[in-house]
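Subject: Structure handover

Hi,

Here is the structure we talked about. My notes on the ligands and the sheets follow below it.

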Amino acid sequence: MFAIKRKKMGENEFLSLVGRVNSAKKVERHEWVSLLASLTGEQRELLAARAREAAHANFGNGVFVRGLVEISSYCKNNCYYCGLRCANKAASRYRLSKEEILECCREGASLGFNTFVLQGGEDPLQNDAFIADVVASIHSEFPSKAITLSVGERSRAAYDAFRKAGATRYLLRHETRSVEHYSHLHPSAMSADNRRACLFALRELGYQVGSGFMVGSPGQTIEHLVDDILFLEELQPHMIGIGPFIPATGTPFENSPAGSAEQTLLLLSLLRLRFPKALIPATTALSTLLADGVERGVLAGANVVMPNLSPRAVRSKYSIYNNKKSSGSESAQQLEQLGLRLQAIGYRVDYGRGDYPSLG
Ligand code: SAH
Ligand code: SF4
């Protein structure tokens, strides 16, 4: 799909377009298409170099770490791409208790993390009251640490309660802006409009909001990716998470090909240039496809890594896609290894909270 041959851009045209991407000026739809579909290897490298400069100007050579606690593998939703979908009877299910989540945070604190990310399926037993209570307890034990939630679509009142309990950030990928593509990826009980409404509600409630999408999800076209970028322009998120789609056994897309790591890296660079201050992770999905995913992601403009802080016994059960990595650079207990890998490419681990710069 990404091999469509289009007219190559000349050098001057390319450089002026890159300058525009890295500014508040308008970039036309057809220009995004060209950037996504017709760059030479050399132009991709130049783009990555510019993206690194943009990241450096805002964050120096630091890469923020967030401790990721996967709080439940139960989910009431049935997204067609995800291994945790409720119809996947073969999925291993677990849910962490409040005390287990707090234990993970305590371990994270002792390892030096200043941000915790609580992520999970939409588990009916981890209801709004449970999440608010967990957040309040983490906040009272660790008042200076940032609490990020990623527990799906909830009501505005629930988001408000989580915020009041002490959560300051929320990750909810829009997945795809196209209504048609959204319905290719999700059952009719879920809608692109509700995702969108959730994201804007989170923004209004004062969260630092993260959105994003999978690269190479089934049925995705270049036009869809352009729509995704345009949606991010409208939302102006503080954090942007993108990673390649990876097939998951037990889903309708289990035999679909994985997304392209190269296309993911290109998008990372474009997003870094367009949203220079955004917190953009080198995702676990990228590291699942590429052994040097952290390095490649950072060198493409990413500035966050989210090592896994879940109890070791459950890590393999949070199987949103096949072979999901949770060791090495993806393990909270191996920060030293992450540090060495970053050092080898001229970067370092930044243990700070890593808020969006203008809020800092
Ligand atoms: N339930 C929450 C959080 C857990 S899923 C939610 O959906 O927001 C977190 C992210 O994993 C999703 O946003 C999706 O983009 C990603 N994901 C799910 N299945 C995937 C797959 N097969 N390949 C790559 N990423 C996937
Ligand atoms: Fe549930 Fe999230 Fe997976 Fe969808 S992507 S099935 S909401 S865990």
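Ligand 2 first: the residues around it are C75, N77, C79, Y81, C82, R85 and G121. By class, that shell divides into four nonpolar residues, two polar and one charged. Please keep in mind that this is a predicted model.

- Y81: a polar backbone atom is 2.9 Å from a nitrogen atom of ligand 1.
- R173: a polar side-chain atom lies 3.0 Å from an oxygen atom of ligand 1.
- I246: a polar backbone atom is 2.7 Å from a nitrogen atom of ligand 1.

How much of ligand 1 does the protein bury? Taken alone, ligand 1 exposes 540 Å², and the protein buries 92% of that.

Next, the six-stranded sheet. It is open, its pairing is parallel, and the strand order is β2-β3-β4-β5-β6-β7. Which strands stand at the edges? They are β2 (67-72) and β7 (239-244), each pairing on one side only. From one strand to the next, the twist averages 20°.

Inside this sheet, β5 (residues 169-171) and β6 (residues 208-215) are joined by three bridges in the parallel sense. Y170 has V209 in β6 as its bridge partner. Helix α8 (residues 192-204) packs on the sheet here and touches both β5 and β6. The direction of α8 makes about 155° with that of β6.

There is also a three-stranded sheet. This one is open too, with parallel pairing and the order β8-β1-β9. Strands β8 (304-305) and β9 (348-350) are at the edges with a single partner strand each, so one side of each has no neighbour in the sheet.

β1 (residues 62-65) runs parallel to β8, and two bridges join them. V65 stands opposite V305 in β8. Helix α14 (residues 335-344) lies across β1, β8 and β9. Its direction is at about 125° to β9.

Best wishes

Notes: Residues numbered from 1 in each chain as written. Chains lettered and ligands numbered in written order. Predicted model: local features only at pLDDT ≥ 70, side-chain atom pairs only at ≥ 80, totals over all residues. Heavy atoms only, no water. Pairing = 2+ DSSP bridges. Helix = DSSP H or I, 4+ residues; strand = E, 2+ residues; numbered from the N terminus. Contact = heavy atoms within 4.5 Å. Axes fitted to C-alpha atoms, helices over the stretch in contact; angles between N-to-C directions. Polar contact = N/O pair within 3.5 Å; in protein donor to acceptor, adjacent residues only side chain to side chain. Areas by Shrake-Rupley, 256 points an atom, 1.4 Å probe, with all protein chains shown as cover. Near = heavy atom within 4 Å. Nonpolar A, V, L, I, M, F, W, Y, C, P; charged D, E, K, R; others polar.
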